[in-house]
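This report sets out what can be read from the coordinates below. Please keep the structure open while reading.

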Amino acid sequence: MDKKIYKNPIFVSNPITVLVLGICSALAVTVKMGPALVMALSVTVVTGFSNFIVSMIRKTIPNRIRIIVQLVVVAMFVILIDQILKAFAYDISKQLSVYIGLIITNCIIMGRIEAFGLGHKPIPSLIDGLANGFGYGIILVVVAFFRELLGSGTLFGVQIIPLSWYVKNGGFYENNGLFILPPMALILLGVIVWVQRSIQKELQEKK
Amino acid sequence: MQDILNIFVKSIFVDNMVFAYFLGMCSFLAVSKSVKTATGLGIAVTLVLTITLPVNYLLNKYVLSAGALKWLGAGFANVDLSFLSFIIFIAVIAAIVQIVEMIVEKYSPSLYNSLGIYLPLIAVNCAILGGSLFMQQKEFADVGLATTYALGSGLGWFLAIISLAAIREKLAYSHVPAPLRGIGITFIITGLMGIAFMSFMGISW
Amino acid sequence: MDTNKNSYTIIYATIMVVIVAAVLAFASTALKGKQERNVAVEKQLNLLTSVNLAEDAAHAADKNSYVEKEYAKYIKTSFILNYKGEKIDGDAFGVNLKEQYDLMKKIDAASQSDGKVSEQKINGMKAQLRLPVFVCITNDGKTADIFSCYGTGLWGPIWGYLSIADDFNTIKGAVFDDEGETPGLGGEIAERSFQMQFAGKEIFKGDAFTSITLKKGGATQANIKHEVDAISGGTMTSRGLNKAIKQWLEYYLPYIKAKKDANSSNLSK
């Protein structure tokens with residue numbers, strides 16, 4: 001099988017930094033690593049399986065209600081994930097709140113279905129969906145890593161910066177509250193794009 | 001009255017869809033290259049949000065939430081359909097977008113020419129679905145407050161996209177480092193605008 | 001097959017809706033029990049935490065059963081009060097705090113209307129209030145009453161439980177939670193380090209009710225017993241929590257005062 005299907009979405013055509021898709025529901029969950037990881041997993045699963053299902057039924061879908069059929073398939077998976085999280089990972093589902101529902105309108109999912117699932121066989125579609133979800137997840141986790149480490153001094157809730165460093169304990173260190181605020185996620189994303197496009201010069205936009 | 005004003009101002013400035021919740025970012029970033037197109041999309045989002053949110057509010061209150069079907073009879077008092085809310089909300093949004101598109105096309109071709117191309121984009125705009133989901137979470141007391149929230153959120157989104165478009169138009173004349181050109185610098189500008197908008201957080205009365 | 005025919009489209013849509021609805025309804029019914037248990041356990045854990053019990057629940061192998069067991073062991077009585085401090089019928093655990101809070105807001109609005117709403121009507125609204133109280137019997141055999149509060153922070157609702165020792169003056173512990181306060185700023189109210197400050201504070205200065213206030217820069221020397229350090233960078237959340245605690249304790253006041261007076265007359269005997 002063509003390796004590009006799963007290699008490209010992660011590096012060359014990453015859905016967030018290159019195609020600029022799916023930022024909506026992404027950034028608000030990157031304050032802490034835990035929710036970001038669950039969100040990344042959920043999106044990967046939904047993208048993969050809805051791509052798979054739509055690809056399976058692609059020849060039967062009436063053209064006029066195409067978008068609605070796709071939305072229904074995606075929404076079904078999102079509701080299933082939401083129900084499962086509520087039952088088995090209640091704390092995390094509370095932290096993700098409305099953003100789980102917003103996976104439905106995550107442009108990556110509809111984008112991949114339209115661009116790939118509708119025109120390819122089920123198995124490649126599944127892999128394409130999973131790879132794109134993964135490419136999206138990596139960015140989420142990278143952003144969350146910096147925001148949690150610099151903003152709260154922890155990773156996955158475990159203290160990383162030694163407590164004795166903090167000013168209140170007589171040290172010199174203070175958490176940077178700016179990283180916790182929503183705007184910092186966007187600025188970090190800008191920096192990630194900067195780094196990526198400095199390395200991969202072919203992605204730079206012409207003037 | 002105070003409630004209405006409070007929600008209206010808060011949803012435009014404090015709970016801004018873009019800067020506080022990152023909703024509708026895809027089209028926000030893609031369609032903010034010129035003020036003219038941004039205005040079109042902004043109006044379309046405000047319009048669709050203001051129509052879909054009250055509809056979803058009524059559906060949520062009288063059909064979906066736990067015990068909402070009481071008006072059908074005592075036997076329905078324990079029915080909880082809230083697990084269907086995502087799918088119903090998105091279906092309502094997709095249907096209303098379709099209807100609005102048809103109406104606009106039929107009665108005002110000139111408006112359709114300027115707005116029409118944005119309407120299909122809106123069905124999958126997270127700001128619209130996000131509005132409905134936040135409405136469900138905030139549990140507004142009546143449909144008037146929900147509509148106010150919708151209008152305020154739409155205007156907040158509108159305000160955000162035209163401001164960004166105006167900045168990007170000026171930015172065309174600036175010398176931006178090559179790797180940051182285009183999307184990179186737009187992320188950073190949006191972030192800085194978000195920080196500026198955070199100063200509205202102190203508003204309260 | 002012609003997939004563009006009207007009849008095909010309609011049949012297709014119908015079949016799809018039926019299948020999807022069936023799948024979702026099945027998932028929802030299958031998981032409902034677990035979900036409801038999660039919600040109940042979270043509330044039980046909050047109540048226990050407010051008396052500084054079950055602090056190690058996060059490390060328990062089976063968190064849900066552990067919390068349920070501890071709850072059954074420590075919190076045996078609960079009841080509902082009306083605004084006069086009289087017990088009324090009902091299940092305290094099932095009281096929806098948000099409904100009570102909305103009612104309190106209406107009462108506030110009515111009493112600020114300069115007599116446009118009659119006293120009688122306001123009292124009628126007050127009579128509908130249902131204030132839950134949980135009584136915890138700690139390991140040393142003493143009782144602690146757990147009171148609820150609910151209000152609005154910066155982004156959305158905040159709520160919590162305050163436990164007061166059997167002198168009906170000293171706070172034993174507190175727990176707060178929020179829906180969407182900024183993590184690390186306003187969201188700090190949900191952190192134990194913040195909540196621990198409440199232990200040992202007092203809600204009465206002499207005989208006057210003072211509530212507990214979140215003070216920027218830490219408690220002042222004069223009010224060291226009645227103030228805690230507010231959250232830096234969370235002004236709106238601190239303000240909301242101040243209001244929530246004060247408002248709810250004021251409604252509980254008739255009950256608390258009666259209990260406190262009974263206590264002190266017992267002592268003087």
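Predicted model: local features only at pLDDT ≥ 70, side-chain atom pairs only at ≥ 80, totals over all residues.

## Fold and surface of chain B

Chain B has 9 helices and 0 strands, where helices are DSSP runs of H or I with at least four residues and strands are runs of E with at least two. Along the principal axes, the C-alpha atoms of chain B fill a box of roughly 70 × 45 × 35 Å.

Of its 205 residues, 53% count as buried, that is, under 20% relative accessible area with a 1.4 Å probe and protein chains only. Chain B exposes about 8,600 Å², with carbon and sulfur atoms supplying 70% of that area, as computed by the Shrake-Rupley method with a 1.4 Å probe. Where contacts (heavy atoms within 4.5 Å) in chain B join residues at least 6 apart in sequence, 78% of them link residues at least 24 apart.

## Interface with chain C

The contact between the two chains draws 15 residues from chain B and 11 residues from chain C. Together they bury about 1,100 Å², of which 61% is on carbon and sulfur atoms; this buried area is the accessible area (1.4 Å probe) lost when the two parts are put together, summed over both.

## Basis of the values

Residues are numbered from 1 along each chain as its sequence is written, while chains are lettered from A and ligands numbered from 1 in the order in which they are written. Local features need pLDDT of at least 70 and side-chain atom pairs count only at pLDDT 80 or more, whereas totals for chains, interfaces and linings use all residues, and side-chain values use heavy atoms, with hydrogens and water left out.

Methods. Buried < 20%, exposed > 50% of the residue type's maximum accessible area, 1.4 Å probe, protein only.
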